[in-house]
Amino acid sequence: MVDAKKSVWVFGDYRNYFHNRVTLQLLAKAHDLAADSGAQVCVVVMGSELDYWAWEYVCHGADVVYAVEDESLAQYQMETYTDIFVRLAQEYKPETILVGATGFGKELAARAAARLGTGLTADCIGLSLDEQKNLLQTAPAFGGNVLAEILIPKHRPQMATVRPGTFSEMPHDNTLDGDIVKLALPDDLPAERISLISSQRRPEETRSLETARVVICGGRGMGSKRKFRNLYELARLLGGEVGATRPVVYSRWAEEESLVGQAGKQVKPQVLFSFGASGAIQHTAGIIDAQFIIAVNKNPKAAMMEMADVGIVADANQVCLALIRELKERIRS
C-alpha cells in the first residue's frame, strides 16, 4: 500500500510520447528525490486505453501508477483534468508533484496549485533536497540574469514544472515491478465550458533542440540578422538544429524558441558549435552537458573559448561560410 505522505508524483503526459520525453525525464529525477527521502515514485495518468502507457512508466521507474481511464478523457479537457488531479492530490496527499513545463503541463499545474493552496515554481532547471528534506527548486529569474533557489517549507504538496530536456531518463527496464491502480471517473465532475470540436497535430518542422545530436549556437558576434541566417544553412548540411543566445533573441535575429541557457532550453548534443557567443553564464548553463564544443570567436579570452574543446580565433561568419562551402563541395563530389 502506498504511503501517500511520502510520495513524489509525476504527471503522466503521453501525448507525442516518442518525441516528448519529459515525463520519463521527470520520472528519473523523481526516482533520485525519492531515494534521498525514503518516498515512493507515483505517476498520475488520465485518458483512454492506458495499459500500455502505465506499464511504460513502471518500466521507467514508477512504483505506483494511478490511472484514471475513460473514453471521455481521450482528449485533454482543462477543467475535468484539473478537477480529477486535485481530488487525487487531496486524497493521497503527496509531498511533491512534478509536471513537465509544456503548454499543457503549465496550464494544469498552475490551476492545480491554486486549488490546492500551495506554491508552484515554474520552469525549473534543477531540483534537490535541503537538509530538512524540502524540495530545493532552481529556476531562472529576472529574465535569466540570476538563478533563484526556491523552497515551499510550510505547504504541501511542493509543486514544480520542469523544462523538457533538463534531466536524462532512466533506461527502459521490463524487469521492474510496480502497481497500477485503476481509478473510476468521479460522477460529479464539473461540466466543461469549452468543447473540443476537432484537433489536428501540426507536423514537426524541425527536430527538438533538446534532443538534437548537433547544435549550432550563434551569438551577437555573428554580426547581423542576415549573417545569423547562415547558421541555418550550416545546420541543414550537418543535420543539426540552431540555438541562440539571449542578446540574439532580444535583437529578433532568432525566435524565442531557439533560446539556449538559463532562461531557455538545455541541450545535450554530441557536438556543439558556438559562433560568436561570448560565453555568459546565462547561456553556458544550457550547454554544460554538450559532449564536444567547438567555439569560434574573435576574442581568444572569451569565456566560451575557455569552455570549448576546440577554439578558433576568427570571424564567426567567415568560418561559418567556409564550412558551408566545404560541406557543399564534399556533397557534390
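This is a predicted model: local features need pLDDT of at least 70, side-chain atom pairs count only at pLDDT 80 or more; totals for chains, interfaces and linings use all residues.
Residues are numbered from 1 along each chain as its sequence is written, and side-chain values use heavy atoms, with hydrogens and water left out.

**Confidence**
- The chain's mean pLDDT (the predictor's confidence in each residue, from 0 to 100) is 85, and 91% of the residues reach 70 or more.
- Residues 1-5 have pLDDT below 50, and beyond near neighbours in sequence this stretch makes 13 contacts (heavy atoms within 4.5 Å) in the model.

**Cysteines**
- Cys217 is buried (under 20% relative accessible area, with exposed over 50% and partly exposed in between, using a 1.4 Å probe and protein chains only), at 0%.
- Cys320 is buried as well, also at 0%.

**Around strand S3**
- Strands (E, at least two residues) and helices (H or I, at least four) are DSSP runs, numbered from the N terminus.
- Five of the six residues in S3 (residues 64-69) are buried.
- S3 runs parallel to S2 (residues 40-47), joined by six bridges; strands pair if DSSP finds at least two bridges between them.
- Val43 has Val65 in S3 as its bridge partner.
- On S3's pairing with S10 (residues 179-183), there are five bridges in the parallel sense, and Ala67 partners Lys182 in S10.
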